[in-house]
Amino acid sequence: MDQQSFFDDRAVATPLASRLRPEDLEGFLGQRHLLGEGKVLRRLIERDQITSMIFWGPPGVGKTTLARIIARRTRARFIDFSAVTSGIKEIKEVMARAEAGRALGEKTILFVDEIHRFNKAQQDAFLPYVEKGSIILIGATTENPSFEINAALLSRCKVFVLKALTVEEVTELLMRALRDPKGFGRQKVEISSDMLHMIAAFADGDGRTALNTLEMVVLNGEPTMDGTVVTEEVLSQCIAKKSLLYDKSGEEHYNLISALHKSMRNTDPDAAIYWLARMLEAGEDPLYVARRLIRFASEDVGMADSRALEVAVAAYQACHFLGMPECNVNLTHAVTYLAMAPKSNALYTAYEAAKTDAQRMLAEPVPLVIRNAPTALMEELHYGEGYQYAHDTAAKLTDMQCLPDKLEGRTYYMPTDQGSEVRAKEKLERVKAWKAQQRAGKK
């Protein structure tokens, strides 16, 4: 029987990540919250009760692999479909084959990678086949399905959130690659555990990146009489971004975003731009940074400059459209704007104060005066009785009480004198004074 050598052309031609793709749940690494014993997705797979679903998670966490395992476990025909290269014509051809298979009692799982890249018409083309059961659709996306997938299609799919692999899980994946005959198990590779940990940390939860990096360092290692030695020099050359920027525990990741946030809060654009560059050059996901900027725009700027939120959201969209490295200037634009904007945390403190009351007083009834009364019974129960429609008044304002009785007079939003918020403060003071005068006149 022929034994496949590590240097067999076929073995070398196939990427390590593909050669090591597990074929069953036992070999699948990560996602224990979904696939651990007794967890919901594992039970569905084991009982062969799979329905159409969406896998939402970052790259390299096993979305495609899991779909293939499901197809094999449920004895279904598996069709791998790319949203990047396929259109309506290809969809219809695949659906026709699935319909023919259903007539013969064959189950078809259609896996659509990057399903968020399909436009509305393309996504709609799946609907009738999903509804009829001609196919079990499994879509994979790195984007929030709520925003990127049509509501009609999304309502027919169960969404499962896949998490980035931990450093420990990625390290285990690398060790498997060194042991497995389909990986480097037939070749003696000398590489320290610290180096494996560095590769795992560099991969940032992406198993495919980790395996590609391992393959690169091994193929570029120093040959010996009986194997290969991977040196620190080889590792540093193969890792394009300096993994030391993010320590093994992941703490530096949070340290850097904290530094960025606090530099902007302190109106220090130079420091903010530096920390932004540190994150991006270390390989941070620009969309993660953009999401933090959106939060900052309302938490630390708020009504002092409401355009800050528009700028932050626009930066997120720019990152989505362009990606790295082009979007680095868009993020610099937003970071500088936010750093220079007037600061107010009034919205943050307002919500936190209201949250405390909401959690402590969950059962407070909505005042009858502002309840809706769509039925005669509700009218009989005085729902909406005494409601004052602000648009019917000259001032476009009434003195009607909208808080529950036990919270009457409670103040949450306390605007500052910063930027545009000073105008909101002046208006709110006038409104409160007017309401107090109206109520005093009724006593």
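Leucine 407 is buried: its relative accessible area is 8%, and buried means under 20%. The model is a predicted one. Leucine 407 lies in a loop, the one between helix 20 (376–380) and helix 21 (421–442). What does leucine 407 touch, leaving aside residues up to four places away in sequence? Its contacts are Asp357, Met361 and Tyr412. Glutamate 364 is 43 residues from leucine 407 in sequence, yet the two C-alpha atoms are 9.0 Å apart.

Turn now to the nonpolar cores. The largest has 29 residues. Within it, Leu174, Ile191, Ile199, Leu211, Leu214 and Val217 touch the most other members. Which elements give two or more residues to this core? They are helix 2 (16–19), helix 10 (167–179), helix 11 (193–203), helix 12 (207–219) and helix 13 (232–238). Helix 10 contributes the most, six residues. Leucine 211 touches Leu16, Ala17, Leu20, Leu173, Leu174 and Ala177, with residues up to four places away in sequence not counted.

Strand 6 and strand 8 (residues 227–229) run parallel, joined by three bridges. Lysine 188 sits opposite glycine 227 of strand 8.

Key:
Residues are numbered from 1 along each chain as its sequence is written. This is a predicted model: local features need pLDDT of at least 70, side-chain atom pairs count only at pLDDT 80 or more; totals for chains, interfaces and linings use all residues. Side-chain values use heavy atoms; hydrogens and water are left out. A nonpolar core is a set of buried Ala, Val, Leu, Ile, Met, Phe, Trp, Tyr and Cys residues joined through side-chain atoms within 4.5 Å. Buried means under 20% relative accessible area, exposed over 50%, partly exposed in between (1.4 Å probe, protein chains only). Helices (H or I, at least four residues) and strands (E, at least two) are DSSP runs, numbered from the N terminus. Contact means heavy atoms within 4.5 Å. Two strands pair if DSSP finds at least two bridges between them.
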